[in-house]
Amino acid sequence: MFQHVEFYPGDPILGLMDKFKEDTRSNKVNLGVGVYYDEAGRLPVLNCVKAVETQMANPPQPRPYLPMDGLPGYRLACQHLLFGADNEAVKAQRIATIASLGGSGALRVGAEFIRHWFPKAKVYVSNPTWGNHISIFEGAGFEVGKYPYYDPATIGVKFAEMTDFLKGLNEGDVVLLHPCCHNPTGVDLSPAQWDEVLTIIQDKKLMPFMDIAYQGFGEDMDADAYAIRQAVARGLSVFVSNSFSKNLSMYGERVGGLSVVCPSAEEAKLVQGQLKFTVRKLYSSPPSHGGHVVDRVMNDDALFTQWVGEVYEMRDRIRAMRQKLQDALSAKVPGRDFSYFTKQRGMFSFTGLNPAQVERLQTEFGVYMVNNGRMCVAGLNNQNIDYVANAMAEVLK
């Protein structure tokens, strides 16, 4: 019956993790999966989350279905975090927001909505981008193209090529953008570059879809949302998918959100209804436990302040690892510029290693990263960074 079904080779990153688990070397290092680990190499449970889960468990509460679009406090918290509590669009109720199954669910709901109501649109993603971006939009029936972004020669952005490409797109085309901590490169646009990109989007009447999964890991909560808030300030209608997986360390709880900024409150109500209908068709309602945790953390002043502090601790640890790796490699491979490690932001770094060098790291040293040279900096710590630097220096010779 199923002989005609095509073989699925598996996700390359998750497959890499299977290889890592099978590796018996005691000094192996996992720099592949996009997960934040603390200094001890463990997935942290944030103290603000512990406090809320203790409250929720005493006494245990019933687990009814949540509303299709999530808890009201959760949805408002997404808006305040992304756009600012005093943003005109928030106050005017021009934003439709739903809780979603992580950032991936937000992307898919947004893709389904756009595909139904803007069927002629084509979607463009950065080259490179997170691989699942392409799968999600193709799965919703879109043709997906790529716009120039990363320049391996400079380990920066091909900004002139990027803007020239965007100027050639058709009205109504969707441009998927990373507001901060670009995945997989860690290379972000400057505020001035964002201003130029948003001007093109406005002039060409393109549809911006901003995916922000690492808010707080770049500069800070507000600066990381610069592109989003500037788009709203310009009067653009914009889709924003966000995730609490990384910055709340709640990966398996699948907590994210989709917000759509509309020209009016009346249109926002229409969009909200269709987003709820899309959720109903796909998975009916969002997760309860993670939803309540986010709701309580984000809407309690003390817990929110504690959370922001914990996010910045994670951000600062990643920055420290970037600096130590840069310093170590600069000493071991003199004459080569490794300053890009500290110029990049967020959990990921394009190391500049080619596939052959990545393969050598894996086979000879047990250091695992993605084939294209993407490294999860959060997998580094003071115990393994010298070993990783020595291994990278060896394959760079």
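Mentor: A helix axis is here a line fitted to C-alpha atoms over the stretch in contact, and the angle between two axes runs from 0 to 180 degrees between their N-to-C directions. Please keep in mind throughout that what you see is a predicted model.

On the H8 side the contact is made by Pro191, Trp194, Asp195 and Leu198, and on the H9 side by Tyr226, Ala227, Gln230 and Ala231. Sorted by class, the residues in this contact of H8 with H9 are 6 nonpolar, 1 polar and 1 charged.

H8, which covers residues 191-204, also meets helix H7 (residues 159-167), and here the axes come within 9 Å and cross at roughly 15°. H7 and H8 are therefore roughly parallel to each other, and H7 passes H8 in a right-handed crossing. From H7 the residues in contact are Phe159, Met162, Thr163, Leu166 and Lys167, while H8 contributes Gln193, Glu196, Val197, Ile200 and Lys204. In this contact of H7 with H8, the residues divide into 5 nonpolar, 2 polar and 3 charged.

Cys181 is found in the loop between strand E7 (174-177) and H8, and although Cys181 is not a glycine, its phi is positive, at about 50°. With a relative accessibility of 2%, Cys181 counts as buried. Ile155 is another residue that is not a glycine and yet has a positive phi of about 50°; it is found in the loop between E5 and strand E6 (156-157), and its 16% relative accessibility means that Ile155 counts as buried.

A pair of aromatic rings is described by the distance of the centres and the angle of the planes. Across the whole structure, a search finds 14 aromatic pairs. One of them joins Tyr150 and Phe350 in an edge-to-face arrangement, with 4.8 Å from centre to centre and 85° between the planes. This pair links distant parts of the chain, since Tyr150 lies in strand E5 (residues 150-151) and Phe350 in strand E11 (residues 348-350), 200 residues apart. Tyr150 counts as buried at 9% relative accessibility, and Phe350 counts as buried at 7%.

Elsewhere, Phe113, Phe137, Phe142, Phe209 and Phe239 form one aromatic cluster.

Gly105 lies in helix H5 (residues 102-117), where it is buried, with a relative accessible area of 10%. Although Gly105 and Ser241 are 136 residues apart in sequence, their C-alpha atoms are 8.8 Å apart in space.

The bond from Asn58 to Pro59 is cis, with omega near -5°, and Pro59 is in the loop between helix H2 (47-56) and helix H3 (72-83). A cis peptide bond also joins Asn127 and Pro128, with omega about 5°, and Pro128 belongs to the loop between strand E3 (123-127) and helix H6 (131-139).

Last, Gln362 is in helix H14 (residues 355-365) and is buried, with a relative accessible area of 12%. Leaving aside residues up to four places away in sequence, Gln362 touches Leu16, Lys19, Arg25, Val367 and Tyr368.

Key:
Residues numbered from 1 in each chain as written. Predicted model: local features only at pLDDT ≥ 70, side-chain atom pairs only at ≥ 80, totals over all residues. Heavy atoms only, no water. Helix = DSSP H or I, 4+ residues; strand = E, 2+ residues; numbered from the N terminus. Parallel < 35°, antiparallel > 145°, perpendicular 65-115°, else oblique. Left-handed = near helix turned anticlockwise from the far one by under 90°. Contact = heavy atoms within 4.5 Å. Nonpolar A, V, L, I, M, F, W, Y, C, P; charged D, E, K, R; others polar. Phe/Tyr/Trp six-rings, centres within 6.5 Å; stacked < 30°, edge-to-face > 60°. Buried < 20%, exposed > 50% of the residue type's maximum accessible area, 1.4 Å probe, protein only.
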